[in-house]
Amino acid sequence: MKDREESSSSSSSMTTTTTTNNPNGIINNGEHEPRDINIRSFSSVPSSPRNASSKYDFVKVKVWLGDNADHYYVLSRFLVCRMLTVTKIPNHEAIKISLELKKLLIDNSLLDVSQSDLETNLFKLMERRGYGEEYINRYNMMTKFHHQRVPLVILVCGTACVGKSTIATQLAQRLNLPNVLQTDMVYELLRTATDAPLTSTPVWTREFGSSEELITEFCRECRIVRKGLGGDLKKAMKDGKPIIIEGRHLDPSIYLMNDENKTPSNDPEKNSSETNSSPELTSDKNPEAGSSNTKVTDKSSVKPPNSQDEAVASVEAIDLSEKVTQCKINAESSKDAEKKSKSADGSGKTKSGPEPIVISIVLKMSEFDHKALLEEWISSRTSGEKYTSKEKDRLITNLKTIEDYLCSFNSQGVTVVNISATTFPQTLDGLHNYLLERIEEGIRSSENEAPK
């Protein structure tokens, strides 16, 4: 009898413990206890251990799209947080707002909600935390940008040790852009896996008779890398997917645009004309045209060093072969492409996609800081061989020559940004603002040119 009482007492104690450790009111049969739920702000919610979970992690909220609500997606706090970060809301605040949103919907049994109702509740939570109309407008603008699938290409140019990779990674995170390509990887792939005339030694480590020869060789290598990027750029233009390209093998003249065409250039040998207010990517038309304001020296006018003669002849032969093949492909597919692009009403007018947004950014650093970083970089990369002070000066001079060439495109609409460790956060904020402004301009341009 005594053992039976102890067993009963122990069972009662276990039951009490189980109920006490069930703060969400969920019992064993999967039902919720009928109890009142007080909606509290995020700041009043006590913190929990890292591995602890709550009902907000397991309950799914369906967000229905369209007027007929034929499609839905499951609400993700992570994706909501990323979209809020794009609007320039700090990441820690975006996390709180996204959690508050899901908590609000679940606590009010709104497990099936329309996209418009979701955004209405989200905007109310944003305003409650002080992120009002300005941030809401940015959210709507970026939503429209993704819906219209506007092609976006961001180029982060510069020489060694100016923060290209860091800037590109930070911008990708802030703008929720998943695709970041590095030209260094493309260069190595082309050099090792193809017959491209590229060397293992960087162009700025070689000796040249003049700065013009250095820039000519730099532009030649950039054109080869541009061909290696051709597939990714075409996909970005076709699918309307944003992409960030960063690296030391980016020549802005190859990516500058004109107002006549909307397709990426298949002839990267061409130097583009000066950009206008609503620029577009270059195309195959007028392949002989060049920019009178561009400092790229034509290969026929300035001859590279003798050691590069065969390489230049080889790449020119490859270019000619590719042009002939491309002309045949274009001739065969032009009629089919025209038929596919005609409007449904039979008017015969061709439909063009959204105008591509191509943004070139050149990074530079103060001479003193850049020289210190370059010397450290050169020492770390040349552990097997020692450079004399004279050779180091030559390397730094070559990099300075390339930097001056890149910065010269400032007159053609390319943004030049000064990088400093002390002002890096402010520089990043400024670039974030600048890119949002350019995206908004691109959306307006696409809406104005859209057929009515």
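This is a predicted model: local features need pLDDT of at least 70, side-chain atom pairs count only at pLDDT 80 or more; totals for chains, interfaces and linings use all residues.
Strand β6 spans residues 243-246 and is covered on both faces. I243 and I245 lie on one side, I244 and E246 on the other, and all are buried. Strand β4 (residues 152-157) runs parallel to β6 and is joined to β6 by four bridges. Within this pairing, I154 has I244 as its bridge partner. Strand β5 (residues 180-182) also pairs with β6 in the parallel sense, over three bridges. Here Q182 stands opposite E246.

Helices α4 (residues 115-128) and α5 (residues 133-148) cross at roughly 145 degrees, their axes coming within 10 Å. The crossing is right-handed. Helix α4 contributes E119, L122, F123, M126 and E127 to the contact, and α5 contributes Y135, I136, Y139 and N140. Six of these residues are nonpolar, one is polar and two are charged.

The structure holds 16 salt bridges. One joins R77 to D57, with the closest N and O atoms 2.7 Å apart. R77 lies in helix α2 and D57 in the loop between α1 and β1, 20 residues apart. Another salt bridge links R129 and E100 at 3.2 Å between the closest N and O atoms. This pair spans 29 residues, from the loop between α4 and α5 to helix α3. R129 is partly exposed at 25% relative accessible area, whereas E100 is buried at 7%.

A further salt bridge, 3.1 Å from N to O, connects R444 and E440. These residues are about one helical turn apart, because they are four residues apart in helix α14. R444 is partly exposed at 45% relative accessibility, and E440 is partly exposed at 33%. Finally, R206, E217, R220 and E221 form a network of salt bridges.

Key
Residues are numbered from 1 along each chain as its sequence is written. Side-chain values use heavy atoms; hydrogens and water are left out. Buried means under 20% relative accessible area, exposed over 50%, partly exposed in between (1.4 Å probe, protein chains only). Helices (H or I, at least four residues) and strands (E, at least two) are DSSP runs, numbered from the N terminus. Two strands pair if DSSP finds at least two bridges between them. Axes are lines fitted to C-alpha atoms, for helices over the stretch in contact, and angles run from 0 to 180 degrees between N-to-C directions. A crossing is left-handed if the near helix is turned anticlockwise from the far one by less than a right angle, and right-handed if clockwise. Contact means heavy atoms within 4.5 Å. Ala, Val, Leu, Ile, Met, Phe, Trp, Tyr, Cys and Pro count as nonpolar, Asp, Glu, Lys and Arg as charged, and the others, Gly among them, as polar. A salt bridge is a side-chain nitrogen of Lys or Arg within 4 Å of a carboxyl oxygen of Asp or Glu.
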